[in-house]
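Subject: Structure handover

Hello,

Here is the structure I said I would pass on.

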2 protein chains.
Amino acid sequence: MAVTSQQIADAAGVSRATVDRALKNRGRVRPEVAEKIKKIAEEMGYHPNQAARVLALAKNPIKIGMIIQSAETPFMQGVMRGVSEAREEVERAGGRVEIRCIDGVDAEQVISCIKELREAGMNGIALVPAEDDRIKEEIDYLAENCQIPVVTLNSDISGSKRICFVGQDNERAGKVAAGLMAECVERDCKVAVITGSVSNPALNSRTRGFKKMLEILRPDVQIAETYYIKDDNQDSEAVTGKMLGEHPDIKGIFVSAPAVSGICNALYKYRVADTIKVIANDVLDENVENLEKGAINFLIGQEAHVQGYEPINILFQLLAGEIGPEKERQLTNIIIKTKYNI
Amino acid sequence: MAVTSQQIADAAGVSRATVDRALKNRGRVRPEVAEKIKKIAEEMGYHPNQAARVLALAKNPIKIGMIIQSAETPFMQGVMRGVSEAREEVERAGGRVEIRCIDGVDAEQVISCIKELREAGMNGIALVPAEDDRIKEEIDYLAENCQIPVVTLNSDISGSKRICFVGQDNERAGKVAAGLMAECVERDCKVAVITGSVSNPALNSRTRGFKKMLEILRPDVQIAETYYIKDDNQDSEAVTGKMLGEHPDIKGIFVSAPAVSGICNALYKYRVADTIKVIANDVLDENVENLEKGAINFLIGQEAHVQGYEPINILFQLLAGEIGPEKERQLTNIIIKTKYNI
DNA sequence: GTGAAAGCGCTAACAT
DNA sequence: ATGTTAGCGCTTTCAC
């Protein structure tokens with residue numbers, strides 16, 4: 001039998017209510033008594049019973065808010081499936097999850113969602129941030145003034161007081177891609193990089209990681225110029241066509257951007273889908289389709305489901321059982337998919 | 001607020017106890033009343049509150065038994081880490097987990113563990129089975145006569161009444177390896193297969209999947225004879241040396257067996273670690289070391305952690321909240337590891 | 001500053 | 001066959 005708060009109370013010669021106040025630092029306890037209680041709890045290895053706590057809180061349940069940006073993208077829809085699963089588990093256990101979806105990236109809306117969720121009495125908040133000082137300030141305000149823990153997902157917000165980040169190490173993902181490219185292209189060939197908006201730090205990190213590592217692994221391989229595309233298959237197809245015209249001898253392409261389908265279409269059109277090795281990011285339905293058709297050789301995945309599930313789970317475990325997250329940065333596994341292990 | 005058993009009771013004009021008996025089919029309720037209660041519960045979308053249930057059962061908590069065979073192997077030690085994590089979560093939630101470890105494969109011991117756990121009052125049992133009729137009978141007995149759900153992990157036991165299996169599709173894992181081999185060896189080369197005990201169905205399935213798929217993908221590649229090794233690095237090193245003598249022109253090796261380190265040692269000794277592509281199974285520390293040193297090019301993983309964690313989680317969710325497993329076969333992802341995404 | 005007491009939703013033993 | 005009741009361990013209000 002696990003140790004209960006009553007046992008702590010008995011050992012300390014006080015009541016359960018006092019133990020509770022002491023352990024939660026809710027004041028109205030003589031400091032020396034509080035100290036003694038904490039020490040005893042520590043010694044006896046006390047951890048509050050989660051079921052009992054959740055049940056006792058039924059009238060005013062643990063509430064977790066989740067804010068998703070770019071919710072319209074297929075990737076975030078994958079994240080949303082993880083969110084839904086976590087929501088079900090939390091609600092089954094007696095908690096609540098409030099979800100706010102934002103189309104595109106919009107710091108203004110994120111901030112108003114944070115305020116709204118705070119006023120709705122959330123006990124913890126998970127969100128997809130953006131590098132914006134006002135969002136950072138808002139997170140710090142939640143942490144410091146409201147004691148509301150915040151978990152960031154997908155992209156981190158540097159220097160903020162969020163308790164934990166769940167997402168990918170993008171530079172490393174680029175290096176993994178380079179490792180695969182190094183393994184599968186012939187000697188002295190030429191490879192190209194296609195990336196997206198220069199202002200997107202995730203894409204930049206991937207591209208940087210790829211180039212850096214490929215130069216080390218395969219000094220014989222020439223990295224052709226980098227092509228930039230919009231998040232639009234029409235554009236990506238056109239740019240790819242242009243690239244194939246300029247570099248007909250290309251043997252490999254690393255795509256750090258979205259709109260991979262357009263690229264594949266160009267490859268089919270020019271009948272080079274079989275001869276050029278393509279490594280792209282994100283395990284989305286449309287990419288998997290091209291993986292199966294053979295235009296894409298490897299897909300690098302970032303566990304969208306985990307990015308949706310874990311932040312909520314971490315917050316719930318923390319709020320329900322005072323168990324903090326293992327690490328401050330929970331980097332998702334870098335998944336390699338071929339047409340055989342989808 | 002979720003719907004409670006009291007609300008069902010009110011709606012049906014009976015007491016909570018009757019609702020409980022009706023929903024659990026524990027008899028002592030007039031059949032027509034039971035029917036009515038079930039219908040109302042269904043209509044109102046009633047799901048028992050997990051926290052309340054676990055708490056009410058605190059005196060006689062939900063108990064889950066876990067039997068691991070070959071517990072001495074590094075792979076099963078990875079499984080054990082998943083078991084420990086699940087155990088912590090379950091105990092934090094108010095349940096109990098009993099673990100029995102068996103060295104090697106021993107149906108006799110498995111059976112006596114099952115009996116022991118049944119007599120100790122387990123409410124659910126997870127186990128690593130073996131193709132043995134007595135184990136199958138024991139599982140069916142638990143399911144039918146004791147209403148104790150059983151989950152198999154790592155290897156399944158065909159035709160038994162286990163509610164769910166968590167593990168890998170080994171043939172598919174072999175196919176994934178073939179896909180990678182096809183991607184990275186040169187034209188018209190020769191590759192070899194090294195496998196273990198002929199009586200191990202997992203190894204056979206992997207080998208079969210590999211050969212079948214490589215023939216399809218790369219008809220130009222010649223598959224040299226299959227070498228058999230014992231689970232022993234001394235032996236595997238010797239056999240590999242012999243193989244290199246017989247086939248000095250080999251460019252790729254698929255290892256479906258354990259004792260991969262010995263194979264790598266032979267490759268280092270003959271200075272062919274860089275020129276021969278090696279694909280092996282299981283993300284173990286010793287294999288990862290050789291992946292990093294470059295002797296192994298790809299490791300195929302089978303999510304050991306999940307195989308330990310999920311069976312316990314499935315049983316607990318089932319016992320605590322009457323939520324059955326999603327699918328009857330939960331195939332773990334086939335993980336591809338290179339030295340960059342370990 | 002501290003303690004007593006009333007639940008949270010459910011189960012199980014007991015009463016009818 | 002059905003209802004009543006006493007907890008499970010914790011939180012929270014209220015009284016001292």
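This is a predicted model: local features need pLDDT of at least 70, side-chain atom pairs count only at pLDDT 80 or more; totals for chains, interfaces and linings use all residues.

Residues are numbered from 1 along each chain as its sequence is written, and chains are lettered from A and ligands numbered from 1 in the order in which they are written.

DNA strand C. The surface near this strand (C-beta atom, placed from the backbone, within 6 Å of it) has 27 residues, and the closest are Ala17(A), Arg28(A), Ser5(B), Ala52(B) and Ala56(B). Two or more residues each come from helix 2 (16-23) and helix 4 (50-56) of chain A, and from helix 1 (5-12), helix 2 (16-23) and helix 4 (50-56) of chain B. Helices (H or I, at least four residues) and strands (E, at least two) are DSSP runs, numbered from the N terminus. Helix 4 of chain B gives the largest share, four residues.

Chain interface. Contact here means C-beta atoms, placed from the backbone, within 7 Å. By that criterion 24 residues of chain A touch 24 residues of chain B. On the chain A side, helix 4 and helix 8 (170-184) each give two or more residues, with the largest share, six residues, coming from helix 8 of chain A.

Domains of chain A. The bounds come from an automatic or database domain assignment, which gives domain 1 (5-44), domain 2 (61-167 + 304-331) and domain 3 (170-301). The centres of domain 2 and domain 3 of chain A, taken over C-alpha atoms, are 32 Å apart.

Sheets of chain B. Strands count as paired if DSSP finds at least two bridges between them. One open sheet has six parallel strands in the order 2-1-3-4-5-11. Strand 2 (96-101) and strand 11 (329-331) of chain B are at its edges with a single partner strand each, so one side of each has no neighbour in the sheet. Strand 1 (residues 63-68) and strand 2 of chain B pair in the parallel sense over six bridges; Met66(B) has Ile99(B) in strand 2 as its bridge partner.

The other open sheet, of mixed pairing, has six strands in the order 7-6-8-9-10-12. Its edges are strand 7 (222-228) and strand 12 (335-337) of chain B, each with a single partner strand. Strand 6 (residues 190-195) and strand 7 of chain B run parallel and are joined by five bridges, and Thr195(B) has Tyr228(B) in strand 7 as its bridge partner.

Regards

Methods: Two residues are in contact if their C-beta atoms, placed from the backbone, lie within 7 Å.
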